[in-house]
Amino acid sequence: MDRAQESTESLRHKCAACFRQFNKVEHLVEHMKISYHSPHEPICAICKKHCRFYDSLREHLIGPLPKAKCAKQFSERGCRLCLKVFPTTEQLIYHRAACQSLTPLPPVKKEQISAIALDCEMVGGGQDGSLDLCARVCLVNEEEKVLFHYYVKPPIPITNYRYDITGIKPEHLMEAMPLKQVQETIQQILYNGEAIWRIRLKGGKAKVLVGHGLDHDLQCLAMEYPTHLIRDTAKYIPLLKTSKASNSLKYLTQSFLGYKIQNGTRDPYEDCVASMRIYKKMRNQDHYQSACLSATKFVSENAVYSRMKQKDLEKMSPEALLHISQSDFYCWCIDSRSQPT
Ligand SMILES: [Zn+2]
Ligand SMILES: [Zn+2]
Ligand SMILES: [Zn+2]
Ligand SMILES: [Zn+2]
């Protein structure tokens with residue numbers, strides 16, 4: 001085989017999404033089955049390479065060892081917050097103002113399920129003060145208006161106020177709301193007057209719940225919320241580190257919104273607003289998709305791949321393989337098209 005033949009041969013087995021190359025077509029098919037490439041992945045605006053995480057795309061474009069061709073164009077016409085690239089520098093400058101804007105994005109479209117962000121501040125309980133107890137909770141809507149912001153009286157004694165982080169003192173909790181009452185009020189806000197069984201079943205008119213590390217917040221509030229309505233910036237795959245660990249809300253706010261939070265004591269309102277803005281940025285992504293899925297109907301599996309024969313898959317071009325590939329996570333852009341059920 002001469003060199004030219006060899007290069008076309010390897011090109012034939014190049015993944016159309018991440019550009020990995022395979023000597024044998026069956027290896028490419030195997031790769032596609034487990035990669036879940038889709039239009040919902042962060043994609044380089046220049047070479048169209050798909051990345052699993054925004055952090056990998058940022059490395060690809062900005063460094064420390066970026067792809068030279070993409071890095072050059074990106075440094076001239078790319079937005080460092082959303083990683084989009086614009087045809088001209090004028091368009092980039094115009095875009096930057098909007099991308100960095102800290103005023104809330106336009107209100108939701110009528111057919112969209114609206115979201116509420118929640119954040120808790122924890123103090124310490126137990127003998128060594130290591131048990132997290134919710135002592136303050138905040139809920140904001142999409143317009144960043146406070147719906148609920150109260151001090152909470154934990155059901156067991158506080159042994160460490162963690163003042164340096166929380167800024168909470170005993171006098172703050174003198175008039176605090178008992179946990180039970182807090183739970184009931186939050187449920188009323190989130191469930192929007194719907195019965196819990198109906199929401200568990202199909203969503204109802206319940207709100208999407210946004211936050212960072214919501215499992216822990218809900219656990220400390222001794223509350224449950226349907227998984228298909230949870231949008232957690234600590235768990236959303238594109239927002240993870242390349243090591244698959246969660247990024248901090250502080251890091252995500254700095255990289256996607258361009259400002260600093262959590263300087264000094266923590267403010268649950270500030271954290272709510274940051275996670276809500278990140279959620280809305282992700283929801284506003286313009287991803288091509290052939291079918292309209294809703295959170296309740298979303299199945300995280302490469303369904304088409306499992307239905308097709310290996311032999312037939314091996315006959316397909318890399319582009320065709322990518323076309324039938326489906327995401328293994330629920331992309332938040334789907335929220336912008338979902339009809340309430
Ligand atoms: Zn790939
Ligand atoms: Zn998407
Ligand atoms: Zn690129
Ligand atoms: Zn931008």
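1. Helix α10 (residues 249–257) packs against helix α11 (residues 268–283) at an angle of about 50°, and their axes are 10 Å apart. Axes here are lines fitted to C-alpha atoms, for helices over the stretch in contact, and angles run from 0 to 180 degrees between N-to-C directions. Helices (H or I, at least four residues) and strands (E, at least two) are DSSP runs, numbered from the N terminus.

2. The model is a predicted one, in which local features need pLDDT of at least 70 and side-chain atom pairs count only at pLDDT 80 or more, while totals for chains, interfaces and linings use all residues. Residues are numbered from 1 along each chain as its sequence is written, and chains are lettered from A and ligands numbered from 1 in the order in which they are written.

3. The two helices α10 and α11 are therefore oblique to each other; angles under 35 degrees count as roughly parallel, over 145 as roughly antiparallel, 65 to 115 as roughly perpendicular and the rest as oblique. On the side of α10, the contact is made by Leu249, Leu252, Thr253, Phe256 and Leu257, and on the side of α11 by Asp271, Ala274, Ser275, Arg277, Ile278 and Lys281. Two residues are in contact if their C-beta atoms, placed from the backbone, lie within 7 Å.

4. Which residues of α10 are buried? They are Leu249, Leu252, Thr253, Phe256 and Leu257. Seen down the axis of α10, the buried residues fall within an arc of 100° (taken over the directions from the helix axis to the C-beta atoms), so they line one face of the helix. The cover over these buried residues of α10 includes α11. A residue is buried if 20 or more other C-beta atoms lie within 10 Å of its own, exposed if 12 or fewer, and partly exposed in between.

5. After α10 comes Gly258, whose phi is positive, near 80°.

6. Met223 lies in the loop between α9 (214–220) and β7 (230–232). Met223 has 16 other C-beta atoms within 10 Å and is partly exposed. Neighbours within four places in sequence aside, Met223 is in contact with Gln183, Ile186 and Leu218. Between Met223 and Glu184 there are 9.6 Å in space, C-alpha to C-alpha, and the two are 39 residues apart in sequence.

7. The chain has 14 helices and 7 strands. Of its 341 residues, 31% are buried.
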